[in-house]
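Open the model in your viewer and keep the selection tool at hand. We will go stop by stop, and each stop says what to select and what is there.

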Amino acid sequence: MSVATEPPRMIDITPGSADMRRRERRRRLVRGGVVALCLLYLTFLLLAPLVGIVLSAFAKGLPMVVETFKTPNVQHAFLLTFQIAVVTLVVTTLLGAVTAWVLVRHRFVGRRVMNALVELPLAMSPVTVGLACVLLFGRGGWFEQWFTARGIQIMWALPSMTLVTIFICIPFIIRSVAPVLEELGTEEEDAARTLGASTMQTLFRVILPNIRWGLFYGIALTTARAIGEIGAVLLVSGTLKGKTETATIYILYAFEERLDTQGYIVALTLATISVVMLGVIEISKRRKIREVMG
Amino acid sequence: MTTNAAIRVQNLTKRFGSFVAVDDVSFDAAEGKITALLGPSGSGKSTVLRMIAGLETPTAGRIWIEDDETTYKSVQERRVGFVFQHYALFRHMTVAQNVAFGLAVRKESKVDQAKRVDELLNLVQLVPFADRYPDQLSGGQRQRVALARALAPRPRVLLLDEPFGALDARVRQDLRHWLDDLHRELGVTSLFVTHDQDEALELAHEVVVMHEGRIQQIGTPTQVYNEPETAFVAGFIGSANVLHGRVASGHVRVGEHLVPGADHLEEGSEARAFVRPHDVHLSAPEGDREAVEARIDRISTLGWLSRVMLRLGDGQVLVAELPNDDLIDLNVGSTVSVDLRRAKAFETTETSEPVGAPSA
């Protein structure tokens with residue numbers, strides 16, 4: 001008994017043959033389908049809300065926009081957000097750059113632990129961060145008495161709000177500078193020193209110019225995050241209207257108070273800043289990659 | 001101390017944890033000369049160079065540069081020029097800015113800087129490339145920029161760490177000759193690290209051979225080649241046959257043959273005799289009593305000379321290299337008399353295994 005096997009059909013692989021054209025068509029169809037799916041997904045999840053915010057912000061016309069920006073509470077909210085962001089940037093940039101340098105250049109006990117710990121804020125919920133801050137500085141907290149005795153108000157004020165924002169933003173500078181430093185290696189630093197450059201000269205003339213895009217990338221990420229943070233800040237702010245209300249907190253309460261349009265206008269302003277930051281991030285990311293590639 | 005030592009290193013030791021990278025190293029680098037630190041990788045030669053520059057801190061020992069003790073001085077105070085294997089050019093600066101760096105950090109006037117940069121770019125023949133960035137240059141050009149940059153602040157000595165190591169063979173050869181010319185012109189004391197014996201023998205006035213953190217021998221290229229003091233040097237520099245045997249009345253007994261040159265070795269100890277292929281002389285079987293007999297296994301030509309593979313009575317292989325004209329009457333399978341009088345014998349107890357022995 002024999003099993004009749006059909007000989008496999010030969011596929012004509014000469015370019016432009018009917019077989020090849022059919023394959024090409026099928027391939028194109030699949031590829032087109034995937035692209036369409038991604039576009040649809042991004043449109044609904046990203047673009048639609050953005051368009052919605054723009055439309056809602058201008059729903060009551062331009063005068064309403066001007067009016068909103070004139071409101072003392074709104075102005076104060078932006079000022080607060082700005083203050084927190086600036087302090088956070090200065091602190092995380094300076095300490096972050098130094099920490100990155102230490103992590104990359106030095107070998108010490110606990111380096112790996114520290115390396116992992118640096119990313120803790122990324123993994124933790126901001127609310128937890130806020131809660132921890134309350135535990136430390138709030139009523140009956142470990143450090144509360146020390147500060148209260150000296151008349152320094154930490155909780156429910158700018159210091160605690162800045163503190164939690166800094167904590168949350170710690171990883172960004174470190175994580176964007178460390179790989180660039182790693183790639184840079186120590187030879188250029190050594191070369192600068194043999195040529196007579198002091199530590200400061202080496203830092204400003206050799207290291208900083210080489211890591212500037214990595215640093216810029218980290219600064220952009222930090223800014224975006226500092227401006228957008230709400231969870232932790234909300235918890236430690238005490239939400240005193242016109243006092244400890246940041247832009248994001250303002251938006252949250254605008255809806256409760258039926259000030260929807262004002263809420264949208266502030267939201268749009270924050271979104272605009274984010275988009276600008278996104279542009280900066282994109283540009284610096286490309287330069288940073290070039291930096292790393294040498 | 002003598003005044004003609006531009007660099008003096010005394011009892012220099014460097015430990016990394018329990019690992020001894022440099023072990024009690026002392027030598028002088030003569031003023032205006034080129035000295036080579038030669039050794040296989042991991043021999044500690046680069047660490048010695050980096051300690052002289054101040055880039056590593058010695059565990060023990062002292063360093064002088066031009067009669068000025070620099071052991072505890074900062075890198076900047078030492079005023080040495082350093083050329084790195086991978087150039088270490090500042091990638092965000094142009095060629096001219098790179099060369100000017102050492103002058104700029106010393107706050108020299110712009111006019112002086114420009115003048116000196118011009119002078120050096122002329123010297124390294126890179127004037128047309130002044131405004132290029134390092135990544136727009138070839139390896140050889142980059143290394144010339146690195147050299148110009150190191151020379152710009154008029155260093156007291158020039159230290160070069162495997163300066164040709166990252167270049168391909170052809171560029172390497174060119175750059176070597178070029179560096180030799182440059183040195184003749186400038187006369188700056190130079191100390192360079194290399195694992196390439198040809199480079200050391202060709203370029204250096206004096207060679208310091210290192211192995212496993214220790215100095216094996218210091219001498220002129222001719223001395224280290226012709227009069228190796230240790231088995232390591234005999235095996236590392238140039239190619240050599242290694243014959244194993246036992247010392248018997250000033251000779252190394254290889255099988256039933258006696259190889260001379262072991263007068264300094266203890267009777268009965270294990271020894272190795274090193275003999276260079278071109279020092280092996282072949283002649284007709286009868287004659288000299290000290291001659292060793294061997295059978296010809298193979299003859300291959302290397303162009304103007306031939307390589308003859310011989311097998312001694314006890315099975316050890318010996319390679320001889322001789323001009324083609326001397327090949328007459330030599331045939332595969334025939335027996336010849338081998339003259340090994342130029343062999344150097346060393347005790348086998350040494351831990352250092354030679355590398356670079358010819359492959360059979």
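## Stop 1: an enclosed helix

Select helix 1 of chain B, residues 45-53: 9 of its 9 residues are buried, so the helix is largely enclosed by the rest of the structure. A residue is buried if 20 or more other C-beta atoms lie within 10 Å of its own, exposed if 12 or fewer, and partly exposed in between, with C-beta atoms placed from the backbone. Helices (H or I, at least four residues) and strands (E, at least two) are DSSP runs, numbered from the N terminus.

This is a predicted model, where local features need pLDDT of at least 70, side-chain atom pairs count only at pLDDT 80 or more, and totals for chains, interfaces and linings use all residues. Residues are numbered from 1 along each chain as its sequence is written, while chains are lettered from A and ligands numbered from 1 in the order in which they are written.

Colour the buried residues of helix 1 of chain B, which include B:Lys45, B:Arg50, B:Met51 and B:Ile52.

## Stop 2: the mixed sheet

Now show the open sheet of 6 strands in chain B. Its order is 6-7-8-3-9-10, and the pairing is mixed. Two strands pair if DSSP finds at least two bridges between them. Look at the edges: strand 6 and strand 10 (214-219) of chain B each have a single partner strand, so one side of each is left without a neighbour in the sheet. From one strand to the next, the twist averages 15 degrees.

Select strand 3 (residues 34-38) and strand 9 (residues 206-211) of chain B. They run parallel, joined by 4 bridges. Find B:Thr35: it stands opposite B:Glu206 in strand 9 of chain B.

Which strands does helix 1 of chain B touch as it packs on the sheet? They are strand 3, strand 6, strand 7 (157-161), strand 8 (190-194) and strand 9 of chain B. The direction of helix 1 makes about 145 degrees with that of strand 7 of chain B. Axes are lines fitted to C-alpha atoms, for helices over the stretch in contact, and angles run from 0 to 180 degrees between N-to-C directions. Two residues are in contact if their C-beta atoms, placed from the backbone, lie within 7 Å.

## Stop 3: the antiparallel sheet

Stay in chain B and show the open sheet with strand order 15-19-16-17-18. It has 5 strands, and the pairing is antiparallel. Strand 15 (281-283) and strand 18 (317-323) of chain B are the edge strands, each pairing on one side only. Neighbouring strands here are turned by 45 degrees against each other on average, direction ignored.

Pick strand 16 (residues 292-301) and strand 17 (residues 305-312) of chain B: 7 bridges join them. B:Ser300 has B:Arg307 in strand 17 as its bridge partner. Strand 17 of chain B is also joined to strand 18 of chain B by 7 bridges, again antiparallel. Here B:Ser306 has B:Leu322 in strand 18 as its bridge partner. The hairpin of strands 17 and 18 of chain B has 4 residues between the strands. In this hairpin B:Gly315 takes a positive phi near 95 degrees.

## Stop 4: all of chain B

Zoom out. Chain B has 9 helices and 20 strands. Its C-alpha trace spans about 80 × 45 × 35 Å along its principal axes. Of its 360 residues, 43% are buried. Colour domain 1 (5-231) and domain 2 (239-347) of chain B. Their centres, taken over C-alpha atoms, are 40 Å apart. Domain bounds come from an automatic or database domain assignment.

## Stop 5: where the chains meet

How many residues does each chain give to the contact? Chain B gives 19 and chain A gives 15. On the side of chain B that touches chain A, select helix 2 (75-78), strand 6 (80-83) and helix 3 (95-104) of chain B, which each give two or more residues. By class, this side of chain B has 11 nonpolar, 4 polar and 4 charged residues. Ala, Val, Leu, Ile, Met, Phe, Trp, Tyr, Cys and Pro count as nonpolar, Asp, Glu, Lys and Arg as charged, and the others, Gly among them, as polar.
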